[in-house]
Amino acid sequence: MSLIDPDDTTPLLRDDASSDDSQDEDYRSRWRSIRVMYFTMFLSSVGFTIVITSLWPYLQKVDSSADASFLGWMVAAYSLGQMVASPLFGLWSNHRPCRESLVCSIFINLAANIYYAYAYLPKTNNKYHMLMSRAFVGFGAGNVAVVRSYVAGATSLKERTGAMANMSACQALGFILGPALQACLSFIGENGVTVKFLDLLLNMYTTPALLAAAFGLVNILLVLLVLKEHCVNEDGKHIRSINYTSEERVDVLDECVETMDQVAVVTSNVLFFIVMFIFAVFETIATPLSMDMFAWTRKEAVLYNGIIMVGIGFQSILVFLVVKAAALKFGDRPVLLAGFFIIFCGFIVLLPWGNHFPKIQWADLKNNSLASQGTLFSNGTVEPTGCPYEQTWCQYTPAIYLAQYISSDFLIGVGYPACNVMSYTLYSKILGPKPQGVYMGWLTASGSGARTLGPVFVSHVYTLLGPRWAFSLICGMVVVGVILLISAYHRLIAFSVRHGRIVE
């Protein structure tokens with residue numbers, strides 16, 4: 001039996017010829033515009049990941065005073081910028097055509113990437129220039145709220161789950177290709193070539209940012225030349241405007257505001273925060289956990305975890321396609337609940353068990369010598385491996401086996417995409433026909449806040465108390481999310497279903 005619903009009219013790469021509207025120019029124009037939004041979402045994730053693996057060496061190269069704690073702020077700056085910008089761009093898109101906010105945000109992103117590429121030029125405070133550039137890149141990425149709002153308004157209720165899944169697949173593809181592009185550009189090396197008339201050094205650190213800027217330019221052209229303002233009602237029939245308020249729709253929108261289920265709106269934001277918090281923890285802890293438990297070197301940890309993350313990215317794309325079919329058959333809420341259950345299993349599997357303990361990394365700080373499991377290295381160039389003795393839990397907490405780690409990665413790589421796409425698909429349906437820019441802005445802001453707080457939380461708890469406490473607390477958070485979802489289950493329904501226009 002095919003997993004794909006024959007009635008699904010949500011194209012990813014081509015129009016659905018079987019649809020009644022497939023020959024209609026408005027239909028084709030609408031889906032061309034939606035694909036521009038897919039590309040914008042793809043570039044947003046590429047902009048975050050294309051420099052992420054070279055961020056630390058570039059920071060060390062341009063400013064030797066920067067330490068690891070400042071790197072944490074560098075990573076958080078993107079999410080903080082996006083958190084601030086999302087409601088602002090969402091508000092803008094509610095009252096004006098979304099093309100305006102999109103072009104402005106993409107231009108900010110483009111300029112910020114160029115700023116990042118020139119961060120080595122100032123004589124002092126280079127690290128702060130890098131910090132500001134990443135914050136502005138994140139600020140430009142606040143257009144994610146506009147993208148989600150547009151797609152929600154330009155799709156019928158039946159098309160929306162598929163469209164949101166397609167958009168998430170493009171986002172996942174961006175997360176895969178970002179590090180891959182950085183790896184391909186690493187052959188340029190640290191010295192690179194200097195373009196004298198621009199006073200620009202093209203090397204393995206600056207070229208990825210400039211490539212992201214070039215993508216941004218292409219994105220602006222697509223928005224200006226291809227994107228059209230489209231809006232359809234929940235049955236797929238065209239409405240005159242999208243994302244900004246025309247005089248003809250004021251009375252309808254006032255009614256929508258009065259009758260929207262605010263409890264469901266708040267619940268959806270909290271659930272999305274939990275989903276993004278959990279994945280931020282997972283992303284952050286992967287490298288230090290693998291180095292501590294498997295005695296991998298820094299190079300091995302980057303390589304092996306990079307391979308694993310690329311695998312999870314491809315797996316996510318498949319999950320998005322399956323989720324699209326599963327939601328059509330079972331509904332959005334059961335798929336979201338199943339996603340939480342799979343994530344819970346992923347972190348349960350990751351809990352330390354048994355009597356095997358990790359290899360301890362001993363260090364004599366005075367002599368700068370290293371000793372590990374009876375082997376002493378006096379050469380300072382040898383990299384210590386294993387669980388650092390400063391983390392006292394290493395001496396009494398059982399090791400996590402590689403099979404556990406891989407199994408957990410697989411389960412979380414299934415559960416997270418399902419929860420991610422179902423969270424904001426449900427949210428867009430709950431909001432109904434009103435312009436969704438501001439509300440999508442708050443949803444994006446809650447996700448950005450989670451991506452800011454998650455790494456801070458896990459770095460402190462893991463360092464002080466170890467993986468057993470860190471992952472147990474995450475399991476507790478998943479349980480809270482499940483309880484919240486079940487308690488509000490009857491309220492997490494589409495606006496039109498709630499008001500009796502459509503039978504679920």
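Leu217 sits in helix α8, which spans residues 206-225; helices here are DSSP runs of H or I with at least four residues, numbered from the N terminus. The model is predicted, so local features need pLDDT of at least 70 and side-chain atom pairs count only at pLDDT 80 or more, while totals for chains, interfaces and linings use all residues. Residues are numbered from 1 along each chain as its sequence is written, and side-chain values use heavy atoms, with hydrogens and water left out.

Leu217 has a relative accessible area of 47% and is therefore partly exposed, between the limits for buried (under 20%) and exposed (over 50%), with a 1.4 Å probe and protein chains only. Together with Leu221, Leu224 and Leu225, Leu217 makes a nonpolar surface patch of about 400 Å².

Helix α10, residues 262-294, contains Ala286. Ala286 counts as buried because its relative accessibility is 8%. Leaving aside residues up to four places away in sequence, Ala286 touches Asn305 and Tyr405, where contact means heavy atoms within 4.5 Å.

The largest nonpolar core has 120 residues, of which Met130, Leu289, Phe340, Phe347 and Phe471 touch the most other members. Such a core is a set of buried Ala, Val, Leu, Ile, Met, Phe, Trp, Tyr and Cys residues joined through side-chain atoms within 4.5 Å. A second, separate core of five residues includes Phe48 and Val137.

Methods
Patches are made of residues with over 30% relative accessible area and no salt bridge: like charges are joined within 9 Å, nonpolar side chains (Val, Leu, Ile, Met, Phe, Trp, Tyr) within 5 Å. Accessible areas come from the Shrake-Rupley method with a 1.4 Å probe; for residues, only the protein chains shown count as cover. A salt bridge is a side-chain nitrogen of Lys or Arg within 4 Å of a carboxyl oxygen of Asp or Glu. Helices (H or I, at least four residues) and strands (E, at least two) are DSSP runs, numbered from the N terminus.
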